[in-house]
Amino acid sequence: MYIHTHSLVFAALASSALAVDYAKDIKPLLKERCYACHGALKQKGGLRLDTVALLKTGGDNGDATKHLLDRLTTVDKTDRMPPEGEGAMLNAEQVAKVREWIAAGALGITDEKPEADPRAHWAYQVPKNSRQSIDAMHAAHLAAKQLKPQPSAAHDVWLRRVSFDLTGLPPTQVLGLSDAQLIDRLLASPQFGERWARHFMDIWRYCDWYGLGTQLRHSQKHIWHWRDWIIESLNADKGYDRMIIEQLAADELAPEDRSTLRATGFLARSYYLFNRTTWLDETLEHSSRAFLGLTMQCVKCHDHKYDPIDQADYYRLRAVFEPVHVRLDPLPGVIDFEKNGLPRAFDLHLDRPTFRHIRGDEKNEDKSKPMMPNIPSVLEFASFTPKNITLPKTISQPFLQPFVLKDHLASAEAEIAALEKQRPIKPIASATSTKPQTLLREDFAKPRPAAWKADSGTWKHENGSLRQTQIGAQRRLMQLSTRPPADFDAKVSFTIRGGEKWKSVGLVFDLAEHRDVLVYLSAVQGGSKVQIALGENGKASYPAGASHAMAVKENERHMLQVRACGTLIHVSVDGKQAITYTLTKPRMPGAIALAAFDADVEFHSFELATLPADAVLASSNMQVIEKQLSAAKLKPAMLRASFAAESKKGDKALAKAAALAEAQFKLAKAEADLAELNPTADAKKHKAAQDTVAAAQKKLREPGESYTPLLASLKAQEGPDDPNNAMVQTYPASSTGRRLAFAQWIADQRNPLTARVLVNQVWMRLTGSSFVPDVSDFGLRAPAPTQQDMLDTLATGFMENAWSLKWLIKQIVLSDLYRRSSSTAGADARTLAADPDNALLWRMNPRRLESQSVRDALLAISGKLDLSLGGPSLDPDKAGNTPRRSLYFIQTPDVEHRFLGAFDNSNVLECYRRNESVVPQQALALTNSQLSRSTADALTEKLRATAPADFIRRAFQAILNRSPNDKEHQVSLEALAAMKNNHALFLQALLNHNDFITLR
């Protein structure tokens, strides 16, 4: 009985031991949870766990099998493994397996090898040049795998491929050029820079500013200057190493070169108003991934679990960027930063320390030891020694730039001149023309279609008058065919018969596409009046001083007289002066019309005459203009005084003079603002304006030495509670040099990652596959590429040829590999079976066109594409139909051009590689969009008057850049006949052909 029981226990233990497989159940678990701290790179407590032998050898506490379970299962967070915040606790099943494995003797596997030293990772070694061509190396790889490559594609297929790859546009006629000459022409085209700028805008996360209303929350206003720098740099074939340095440190490298400073939009793009740590986290992560192929986000909280980068490396790298901030600098000729400005980075907080965040918690800093700026130690091929940089005074004090004061004074003088023009000027009487001339008298007894045209509304002649009966909140116009003179005298007699509410009737003049001036009487109950309203871009404004309350009654005849003399408008009602108002903007020539808004009205007569040459119309708002002019004339002196005081800080006499000049201007401005208030304005507004005048008077009595500096730059807010950011006009006189040293380290030829990462990106964009699958992660999880010799040879050649992108691209697109057909037709059966995914590129990969190329191709086909380079970003809601190239549209997480959004557009938050999808919305966009229809219509005009066979051939050539094969030609003839020879409909169908949006 005893023997039998013992046997059962032994059998149970044996069964349990057999149930746990070290290689399958234990080693992967240890690797996932423990190797980061107890592996080849790091051995905390002297312990390694990457082999059973090392585990049993143990560390400071001896054999780990004796205490491993305790450390894995303890509830004491300070003693538990993995540590709190660096990995999840093992679950019950995993703990049971570890327990069973230890109980069974912690058996390992035969000849178990420890992990290799992560520092020996292939990507951390300097690349070597095989001195062989791409094709020679590729042929050797195919031969080694006994793979047979496909033949070259037809020349028109290659031509379409290379044209879209290099310019993002369909091919054009290339008679008499060799392939090499064609490539040189494409690379020299301005469109090359635009096409490849879009690639780099993806990688570098280009994003226009966005916020709430006009508030800046993300990126920077006018960030398009960075986009233009990318385009221009690529077209000039600026070395990629130089592009890196300028983007990270142009303000330290070339602080006075505004053209180069645009590059720091790379840093300005990551600005985030509400959390500086979030801003710097993104800067570190995406600088590392974009240029180095290193992921850094997990290192913020703990040592990297896969790569030889520890948490200290992260905060040393953060210290490189700790001082950085962003601002808008002035550009010549512009003083309004809403209209334009140069977004750029600079060092603001020179002495701000960097502390490690315990477990990544920014509210829990380890302040015992500031982290010094440095690079990841695993890549320390040279010491990191930043040098402090003394900046020119025009950078620390941007108002000293010679154009700043000049531009502010020019704006002030322009304001004075505009106000001077609003003063009434008595014309010089002419001996031959001193009397008014009547141009038209109209009694509306009968229709005169040659003289009048209804733009809207319901108009009819009845009972000897002209009646408009359509009511509702919409303007109804009867326009005079002949334009009035610039200065005129117009009278209109009418009776308001009804309306829903407003019952407004009058005259509109200077009527043009975007602007007009309306003078009207309103019989609205409780607020009847005569009013001047200014229309611009579909919106009306009602300026102070341009309204007069009066009784306007229904079913009573009124006479409205409007006299215009330059910008001075004189309005009388029933023979009595009502309003005299001076327009604040120059008038634009336009038509004159009768106007009714929500009014059933009878018009009895209309008279139009020239204004007497010696007419002088007194202005009722002249007092306001004079006060505004008085203030405007004080502004230049204030600007000069402020500039002088800022230029010699500490000079009390200059400071007092600046304070006095500002006090004088502010009092005059306050008085002008008070005078401008409409007498019927809210009492609170009057009280506030009067208080402002009183405060300005008090300030003038004791101006002191405080003044407002000349606004020459606009520092981004450091948080939502930073209200004085616009007041900062003097910045540090030096920069830390940290970013410049970091950028030079990235762009050093000894850096093993930089050129490889770039070549991998370019290769992917030209072939559809990449040497390293995850193009932004060259860490330990990236196995050595099968074709590493090709990657490394291109990388070293790239650096040896001045980091020239044009050189690199030319090597690839002129290779036999790039020329290959993408079709599997006629492919070797063994090759197809051995490499069905085309991992070794025995054929070219077919690729979908990116969203921008699809839209640009449609515009190019229609002949409407605007090839203008650069400029401000375009709002897709307002300029969606513009013929400009697609990379010029505003794109943010909130704003996107709808057509581009249907075709796998870039993600502005992260887009190291675009998706390729096939969804119904794409076909719908190519079928139903206005762009597609207008393309088909334009192409129909080009191909008109051709026989069906010739039309089909030319249509294929225009849209697919090739001729149809026999079957396609026959099917197309039948389809065209079935469509009753509707060319536009056929072309729309051809635009939906898969070959239009695919590179074969």
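# A guided tour of a predicted model

Begin by selecting S769: because its relative accessibility is 16%, and residues under 20% count as buried, S769 is a buried residue. The structure on display is a predicted model.

**Stop 1: around S769**

Keep S769 selected and trace the chain to either side. S769 sits in the loop that links helix α22 (754-767) to helix α23 (788-800). Now display the residues that S769 touches. Leaving out residues up to four places away in sequence, these are W763, M764, L841, N845 and R913.

**Stop 2**

Is Q761 buried or exposed? With a relative accessible area of 4%, Q761 is buried. Which residues are in contact with Q761, apart from its neighbours within four places in sequence? They are I203, V775 and Y912. Q761 and M243 stand 518 residues apart in sequence, and their C-alpha atoms are 16 Å apart in space.

**Stop 3**

Most residues other than glycine have a negative phi. The next two selections have a positive one.

Select R205 first. R205 is not a glycine, yet its phi is positive, at about 60°. R205 is placed in the loop between α9 (190-203) and α10 (224-235). Its relative accessibility is 3%, so R205 counts as buried.

Now select D510. Here too phi is positive in a residue other than glycine, with a value near 55°. D510 is part of strand β12 (residues 504-511). With 8% relative accessibility, D510 counts as buried.

**Stop 3: the hairpin of β8 and β9**

Select strand β8 (residues 459-462) together with β9. The two strands pair in the antiparallel sense over 4 bridges. Within this pairing, W459 stands opposite Q468 in β9. The strands form a hairpin with 2 residues between them, and N463 in the turn has a positive phi of about 55°.

**Stop 4: strand β10 and its partners**

Select strand β10 (residues 475-480) and strand β7 (residues 452-454). These two run antiparallel and are joined by 3 bridges. K453 stands opposite Q479 in β10.

β10 and β20 run antiparallel and are joined by 5 bridges. Which residue of β20 does Q479 stand opposite? The residue is A593.

**Stop 5: an open sheet**

Select β1, β2 and β22. They form an open sheet of 3 strands in the order β2-β1-β22, with antiparallel pairing. Why is one side of β2 (342-347) and of β22 (714-715) left without a neighbour in the sheet? Both strands stand at the edges and each has a single partner strand, so one side of each has no neighbour there.

Look now at the pairing between strand β1 (residues 324-329) and β22. These strands pair in the antiparallel sense over 2 bridges. The bridge partner of L328 in β22 is L714.

**Last stop: the whole chain**

Along the principal axes, the C-alpha trace spans about 130 × 85 × 70 Å. The protein chain has a radius of gyration of 38 Å, whereas a compact globule of 1000 residues would have one near 30 Å.

Colour the chain by burial: of its 1000 residues, 52% count as buried. Among contacts with a separation of 6 or more, 69% are accounted for by residues 24 or more positions apart. Next, show the surface. The accessible surface comes to about 45,500 Å², and 53% of it belongs to carbon and sulfur atoms.

Finally, colour the charged side chains. The protein chain has 126 positive and 116 negative side chains, and the centres of the two sets lie 3 Å apart.

Terms used. Residues numbered from 1 in each chain as written. Predicted model: local features only at pLDDT ≥ 70, side-chain atom pairs only at ≥ 80, totals over all residues. Heavy atoms only, no water. Rg over C-alpha atoms; globule rule 2.2 N^0.38 Å. Buried < 20%, exposed > 50% of the residue type's maximum accessible area, 1.4 Å probe, protein only. Contact = heavy atoms within 4.5 Å. Areas by Shrake-Rupley, 256 points an atom, 1.4 Å probe, with all protein chains shown as cover. Lys, Arg positive; Asp, Glu negative; His and termini not counted. Charge placed at Lys NZ, Arg CZ, Asp CG, Glu CD. Pairing = 2+ DSSP bridges.
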